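Welcome! Please take a look at the sequence and the 3D structure, and then join a short tour of some of the details.

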Amino acid sequence: MSLTVLTHPLIQHKLTLLRDKETGVKIFRELVSEIAMLMCYEATRHLPLREEIVQTPVAESRSSVVAGKKMALVPILRAGLGMVDGMVSLVPTAKVAHIGIYRDPETLKPVVYYCKLPHDIQERDCFILDPMLATGGSASTAISYLKEAGARHITLLCILSAPPGVEKIQKEHPEVDLITCAIDSHLNDHGYIVPGLGDAGDRIFGTK
């Protein structure tokens, strides 16, 4: 597994604002979108290019364009929705899938309750979006579900991660690339990332 921790100053600055408990819903939502856009820049670094000839106002130019690569953004409901707009702003042709996962109160295991994927998911580069990688249960389940649907190239984008989640993805899905902006210290007794930023879904949608 390729693990990339993004240390760009703009990302780290925005991440600090995200962590601040005084940051309100509007700004928090905007920051999540902006960070996702910056993460998209890194996640698409290896897209193949092909050459095209275009006519500039001055002369003919041999230039590069993305070589018809198909992409699918797969936010994990609900917090992952906050990252979609930032990604789509850079890749407007990407299809947006959705996958909903909850934790069974008795078994404590993740359960997929909703999934809507493009019919050609096996032909697309899939980018799973989830702001927080805590235990890794939901992310691992989403990856397994995509694999069963035929997805062959999967990248996981998480704004914040914790060591247990990183280790789980490395162990269960070693071929999946993980891109994150920070790996925090640990999880507390309630499964929250420490120091973290609280519940990302509640802070994005103002439901706390």
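## Before we start

Please keep in mind that this is a predicted model.

## An enclosed strand

Let us begin with strand S8 (125-129). 5 of the 5 residues of S8 are buried, so this strand is largely enclosed by the rest of the structure.

Which strands pair with S8? One is strand S4 (residues 71-77), which runs parallel to S8 and is joined to it by 5 bridges. Here Pro75 sits opposite Leu129 of S8. Another is strand S10 (residues 153-161), again in the parallel sense and with 5 bridges. In this pairing, Asp125 has His153 of S10 as its bridge partner.

## A hairpin

Next, look at strand S2 (residues 49-55) and strand S3 (residues 60-66), which are antiparallel and joined by 7 bridges. Together S2 and S3 make a hairpin, with 4 residues between them. To find your way along it, look for Glu51, which stands opposite Ser64 in S3.

## A pair of rings

How many aromatic pairs are there? The count comes to 1 aromatic pair. The ring centres of Tyr102 and Tyr113 are 6.1 Å apart and their planes meet at 45 degrees, so the pair is tilted. Tyr102 belongs to strand S6 (residues 98-103) and Tyr113 to strand S7 (residues 110-116), so that the pair links parts of the chain 11 residues apart.

Are these two residues buried, exposed or in between? Tyr102 is partly exposed, at a relative accessible area of 39%, and Tyr113 is partly exposed as well, at 48%.

## A contact in a loop

Asp120 is found in the loop between S7 and S8. Because its relative accessibility is 6%, Asp120 counts as buried. Its side chain makes a polar contact of 2.9 Å with the side chain of Arg124.

Ile183 is part of strand S11 (residues 177-183). With a relative accessible area of 37%, Ile183 is partly exposed.

Conventions. Residues are numbered from 1 along each chain as its sequence is written. This is a predicted model: local features need pLDDT of at least 70, side-chain atom pairs count only at pLDDT 80 or more; totals for chains, interfaces and linings use all residues. Side-chain values use heavy atoms; hydrogens and water are left out. Helices (H or I, at least four residues) and strands (E, at least two) are DSSP runs, numbered from the N terminus. Buried means under 20% relative accessible area, exposed over 50%, partly exposed in between (1.4 Å probe, protein chains only). Rings of Phe, Tyr and Trp (its six-membered ring) pair if their centres lie within 6.5 Å; planes under 30 degrees apart count as stacked, over 60 as edge-to-face and the rest as tilted. A polar contact is a pair of N or O atoms within 3.5 Å; within protein, one must be able to donate a hydrogen and the other to accept it, and residues adjacent in sequence count only if both atoms are side-chain atoms. Two strands pair if DSSP finds at least two bridges between them.
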